[in-house]
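This report describes one protein model for a reader who meets it here for the first time. The sequence and the structure follow.

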Amino acid sequence: MLTTVAAGRVFDYSYCIGMYSQSGLGFWTPQDFVLGENDRVYVLSRGVEQLGQRISKITLDQEFQGQFGSFGAEDGRFVWPRSIDLDRNGRVFVTDEYLNRISIFDGEGAFRYHWGRPGSGDGELSGPSGIAFDSHGSVWVVDSLNHRVQNFSNIGEFKSNFGREGHGNGDLENPWGICIDHEDCIYVADWGNNRVQKFSPDGELLVKFEASSSGAGTLKGPSGVAVDSDGDVYVTDWGNHRVQIYAADGKYITALVGDAQEPSQWTQTYIEANPDIMKARRRVDLEPEWRFRRPVAVNVDAAGRIIILESYRHRLQIYNKLKDYEEHSLNL
């Protein structure tokens with residue numbers, strides 16, 4: 001379904017961006033992305049083993065603007081990069097699960113500094129994952145293997161944390177993604193507990209987003225979360241290859257499953273340059289290619305565009321949330 005209508009909302013598929021590439025144009029096992037100014041998008045690729053780690057600069061008009069970062073433990077490099085965000089000055093912050101640090105670059109990719117040290121004490125990190133900024137400029141880091149969320153200044157000064165390992169309300173089990181709404185409430189993709197939890201800045205549990213008593217809204221390894229201007233919550237359901245959508249109170253609305261019936265411009269150029277690939281595509285059922293495969297991160301921009309990153313298909317799929325949708329009657 002290119003247009004999904006549910007509970008008074010309309011989600012209309014638009015287009016996709018991306019393709020597989022070890023370097024340059026395209027992504028390789030991307031893990032996260034962040035939206036910058038002038039429709040710029042920073043896409044974080046994890047690569048495989050010691051190849052492909054980088055941050056790609058693209059635009060929503062599918063222009064490739066360069067890349068920065070590479071494999072290694074030296075300044076400005078990554079081993080297991082996981083998440084990315086921008087501060088209010090447009091600087092790029094990247095978590096590295098293996099190095100237990102956060103690396104900071106300017107908007108064009110020049111390395112500035114890093115911070116973080118391994119451990120389980122206050123301010124120490126073990127497998128840092130999701131990262132997000134609040135309205136005060138503080139940075140919140142999902143400390144995944146310590147099963148908590150920590151709050152730092154942008155130079156790494158510890159402020160506070162909340163969360164502990166467990167399965168009860170407010171507990172966390174290998175949490176992954178994070179987002180922060182306009183009220184500075186914190187949404188955490190509680191990967192191991194198959195739910196998303198919303199907390200106050202003080203760590204008080206406010207709402208849970210998970211399966212209902214009927215099974216609707218079931219999650220399997222949620223990886224990313226975003227909130228739109230209406231308060232609707234979008235969760236990348238990594239294990240079930242879909243995006244689940246909930247109302248602000250936790251009520252399940254609907255799911256998106258991927259609708260990329262047309263390849264991206266980058267992919268189409270590659271196909272047209274390879275006649276054998278073009279012929280082979282005519283002989284097979286391409287519907288599996290349309291659908292999400294390991295969706296890993298989601299963001300919503302000010303225009304209501306819902307942008308979903310797929311780690312296994314190396315692309316972004318873009319939907320519009322329509323405010324004035326009208327279905328006209330047609331005589332066929």
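Leu286 sits in the loop that connects helix H2 (275-282) with helix H3 (287-290). Its relative accessibility is 25%, so Leu286 counts as partly exposed (buried means under 20% relative accessible area, exposed over 50%, partly exposed in between, with a 1.4 Å probe and protein chains only). Between the C-alpha atoms of Leu286 and Ile155, 131 residues apart along the chain, the separation is 47 Å.

The model is predicted: local features need pLDDT of at least 70 and side-chain atom pairs count only at pLDDT 80 or more, while totals for chains, interfaces and linings use all residues. Residues are numbered from 1 along each chain as its sequence is written, and side-chain values use heavy atoms, with hydrogens and water left out.

The protein contains 3 helices and 25 strands (DSSP runs of H or I with at least four residues, and of E with at least two, numbered from the N terminus).

Some values for the whole protein are as follows.

| Property | Value |
|---|---|
| Box of the C-alpha atoms along the principal axes | roughly 65 × 45 × 30 Å |
| Residues that count as buried | 55% of 332 residues |

Among contacts (heavy atoms within 4.5 Å) between residues at least 6 apart in sequence, 47% join residues at least 24 apart.
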